[in-house]
Amino acid sequence: MASIKAHNLSIQFPVYNAAHRSFRGNFIKVATGGRFSSDLTNHVYINALDQINLSIQNGERVALLGHNGSGKSTLLRAIAGVYYPTGGSLEVEGSISTLIDLNQGMDADATGWDNIILRGLAMGMSRDEINDRKNEIAEFSELGDFLAIPVRTYSSGMKLRLAFSVSTSSPRNIVLMDEWLSTGDASFSEKATLRLIDYLGKASILVIATHSEKLAMRICDRIVTLSHGKVENDSPVNSPEKDFII
Amino acid sequence: MTGFLMSEKLQNLLRWGFEDITHSVRTRDMWLYLGRQDIKMKYRRSVLGPWWYTLSTGILVLTLGLLWSQVFNQPIGYYMSYFAAGIVTWTFISGFITESATSITQFEGFIKQQYTHFFQFVLRIYIRHLLILAHNFLVVAIVFLFVGPGFSFEALAAIPGLAILSLLMLTIGTPVAIFCTRFRDMPQIINNLLQVIFYLTPIIWEAKQIGRFQFVSDWNPFHAMVSIIRKPLLGELPAAWDFLMIFILIAICTLATAWLLGKYRRRIAYWL
């Protein structure tokens, strides 16, 4: 059973400037008995998330809506475990897949095959698991002999295909997405959409940050609107079509 | 019982820190493969590849070895062996420490994607430098066999020496990485310190050459670190003092690593 429970969750980013980051600044602070402390330790903070209360149960498909800087991505990253709450609490149960940056871990100079391993490891898969799945991944990507040459020679669509194929190869309980994935040319895009639907179908919870209300209404059964790091609105979608066809 | 020795809070910090370490070690698929991959990648399109390390170290040892053996008026065969063993070990130590400084910042993209155990990055960088050491060691082997004293039975003691040295390096790497992530001037400071330490450590020169100032190199932990590899290679067992100093440092640095990881691992992502 997967679940996400946030209670008064706050995330505060410190804004560092060179003075805060330098050793000298901190040294002067000690050496002068704090005389300059008002200049040097007046940290500026940004409240990216401010007292969020949110409980997501098994089976829910949640869309996060909101303007740029409203805290959508930060919330995704907090759920992923990147940012530990600076206030309140956050409990997440279940294995997580973050489809935020599909290229993370990939190396342009390595071959397609090597990149399957690299991306797989970055997703937290073991070598054995990658070996078990690599043929399926290769087949789905339709890259054929291209897999034997460096990724830097690929077109951007081909790169995306490979990244997508690896990223969606290992099912997880919780899937976190930053915008819907669209991939390559028309024929592959259709195939990818089907695979994504299947992938999401195996997951217990989907949280997707998006700007598109239309998309949210279509695939999610709950819409959470964030504004300035607070939950502005949290409402169910009455009749989600859940057909995922974009 | 332990509450008498340290507060519960401190115990928790250390436990979290060790948790990070054990998890990291367990994901060896990751750091073992990726560390190797990093080296392969760096030289992907070059003909000599990582043998460039061997070649450039070889040129360094040949030219400077010849020069300084004359400056110091030492037999060429002996001096070159001493210098080769010393410089290769030093390159391993200093290369690793220099790169640990960026071992968190260079993986920013990765860290911002998922929950991360940080010790794995230090392990990955260690693997890189272990591979470089392996390539550089060929220079030591050639020098020892062709112009130097050859290898005696004592040389085998360099293997446990390498294991102990590695343990110390791994525990130094994490504090360096954390400080350098929080304070962005630290990598430069560490770089400069290492440059100075190189000249202060008996690598080009020998400890006995500085006469009554020999206590400086006796108390220099980097001298002990180089010695536990270099001495056995030259056919002499390392002194108990070298081991003692290194074991004490391992104990201190292990605690520092666990404590820093326990205290700051939840903050590190915020510093990036």
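Predicted model: local features only at pLDDT ≥ 70, side-chain atom pairs only at ≥ 80, totals over all residues.

Entry 1: I began with an open sheet of three strands in chain A, and its order reads β2-β1-β4, with antiparallel pairing. I looked for the edges and found β2 (44-56) and β4 (87-93) of chain A there, each pairing on one side only. Neighbouring strands of this sheet are turned by 25 degrees against each other on average, direction ignored.

**Entry 2: β1 and β2.** How many bridges join strand β1 of chain A to β2(A)? I found nine, with β1 covering residues 3-15 and the two strands running antiparallel. One pair I wrote down by name: Val15(A) has Val44(A) in β2(A) as its bridge partner.

**Entry 3: a helix over the sheet.** Next I checked what helix α4 (residues 72-80) of chain A does. Helix α4(A) lies across β1, β2 and β4 of chain A, and its direction makes about 65 degrees with β2(A).

**Entry 4: β5 and β6.** I then moved to another strand pair. β5(A) and strand β6 (residues 174-178) of chain A pair in the parallel sense, over four bridges. In this pair Leu99(A) stands opposite Met177(A) in β6(A). Which way do the residues of β5(A) point? Ile96(A) and Thr98(A) point one way, Ser97(A) and Leu99(A) the other way, and all are buried.

**Entry 5: a loop residue.** Is Val151(A) buried or exposed? I counted 23 other C-beta atoms within 10 Å, and the cut-off for buried is 20 or more, so Val151(A) is buried. Val151(A) is found in the loop between α6 (127-141) and α7 (156-167) of chain A. Leaving aside neighbours within four places in sequence, Val151(A) has contacts that include Met106(A), Ala108(A), Asn115(A) and Leu162(A).

**Entry 6: where the chains touch.** I found 28 residues of chain A in contact with 22 residues of chain B. The elements giving two or more residues to this side of chain A are β1, α2 (23-31), α4, β5 (96-99) and α5 (112-122). The largest share, four residues, comes from α5(A). By class, this side of chain A has 14 nonpolar, seven polar and seven charged residues.

**Entry 7: chain B overall.** Chain B has 13 helices and zero strands. Its radius of gyration is 20 Å, close to the 19 Å that the globule rule gives for 272 residues, so chain B is as compact as a globular protein of that length. Along its principal axes the C-alpha trace of chain B spans about 60 × 50 × 35 Å. I noted that 39% of its 272 residues count as buried. Among contacts in chain B between residues at least 6 apart in sequence, 78% join residues at least 24 apart.

**Entry 8: one residue of chain B.** I finished at Leu66(B), which lies in helix α4 (residues 51-71) of chain B. Leu66(B) has 14 other C-beta atoms within 10 Å, so this residue is partly exposed. From Leu66(B) to Gly77(B) I noted eleven residues in sequence and 9.3 Å in space, C-alpha to C-alpha.

How values were computed: Residues numbered from 1 in each chain as written. Chains lettered and ligands numbered in written order. Pairing = 2+ DSSP bridges. Axes fitted to C-alpha atoms, helices over the stretch in contact; angles between N-to-C directions. Contact = placed C-beta atoms within 7 Å. Nonpolar A, V, L, I, M, F, W, Y, C, P; charged D, E, K, R; others polar. Buried ≥ 20, exposed ≤ 12 C-beta atoms within 10 Å, placed from the backbone. Rg over C-alpha atoms; globule rule 2.2 N^0.38 Å.
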